[in-house]
Amino acid sequence: MDFERLFDEVYPALFRYCQRLTGEPDVADDVAQEAFVRLVDRGITGDRRAIRVWLFKVATHVIRDRVRIRENRRRLLSANPVTPGMGEAPDREAERNETIQAVRKALDQLELRDRQMLLMRYEGFSYKEVAEVVGVAHTSMGTLLARAQRRFARTYQESQGANDSSR
């Protein structure tokens, strides 16, 4: 297949089609190009007529997907409006950053296995998955995790006590 010839023959009509559907020349250009990229990526072959139909079909799907994404964003933003200046208050942000630093410091003081278990569990891994990674029996995970949590809590509280006394 002569790609350049195919592109020269089909692109203008595909672009016009996309522009009529979207009403935006830039979006139409992006969609038409995306259809050709997918043609090359997927190694589509066949007669010119079938490929032309395929390109228009792909472009239609890309436009539909873009509309759906735009509508989802619009719906989410209307339900959860974001306005400039809605960021965290500077004092709360500073406090949050201090807490994050304290948690990281406490985690860094734990043994690697305890740190791994706590972080993996926090990320939603099952006992069995965590046990597999750290190399322990999954039947002992409850006990090991409880101990790691107590060590973390103790280390964190100690660091907070040291911070309070330095103020």
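Predicted model: local features only at pLDDT ≥ 70, side-chain atom pairs only at ≥ 80, totals over all residues.
Local features need pLDDT of at least 70 and side-chain atom pairs count only at pLDDT 80 or more, while totals for chains, interfaces and linings use all residues. Residues are numbered from 1 along each chain as its sequence is written, and side-chain values use heavy atoms, with hydrogens and water left out.

Taking a salt bridge as a side-chain nitrogen of Lys or Arg within 4 Å of a carboxyl oxygen of Asp or Glu, the count is seven. One of them pairs D114 with R151, the closest N and O atoms being 2.6 Å apart. D114 sits in helix α5 (residues 112-122) and R151 in helix α7 (residues 141-165), so this pair ties together parts that are 37 residues apart in sequence. Helices here are DSSP runs (H or I, at least four residues), numbered from the N terminus. D114 is buried at 2% relative accessible area, whereas R151 is partly exposed at 30%; buried means under 20%, exposed over 50%, and partly exposed in between (1.4 Å probe, protein chains only).

D65 has two partners: R64 at 3.4 Å and R68 at 3.3 Å, N to O. D65 and R68 are three residues apart in helix α3, so about one helical turn separates them. A network of salt bridges also links R5, E9 and R48.

On the surface, R16, R20, R49 and R52 gather in a positive patch (residues with over 30% relative accessible area and no salt bridge, like charges being joined within 9 Å). Helices α1 (3-22) and α3 (48-79) each give two or more residues to this patch.

Key. Patch = residues over 30% accessible without salt bridge, like charges linked within 9 Å, V, L, I, M, F, W, Y side chains within 5 Å. Areas by Shrake-Rupley, 256 points an atom, 1.4 Å probe, with all protein chains shown as cover. Lys, Arg positive; Asp, Glu negative; His and termini not counted. Charge placed at Lys NZ, Arg CZ, Asp CG, Glu CD.
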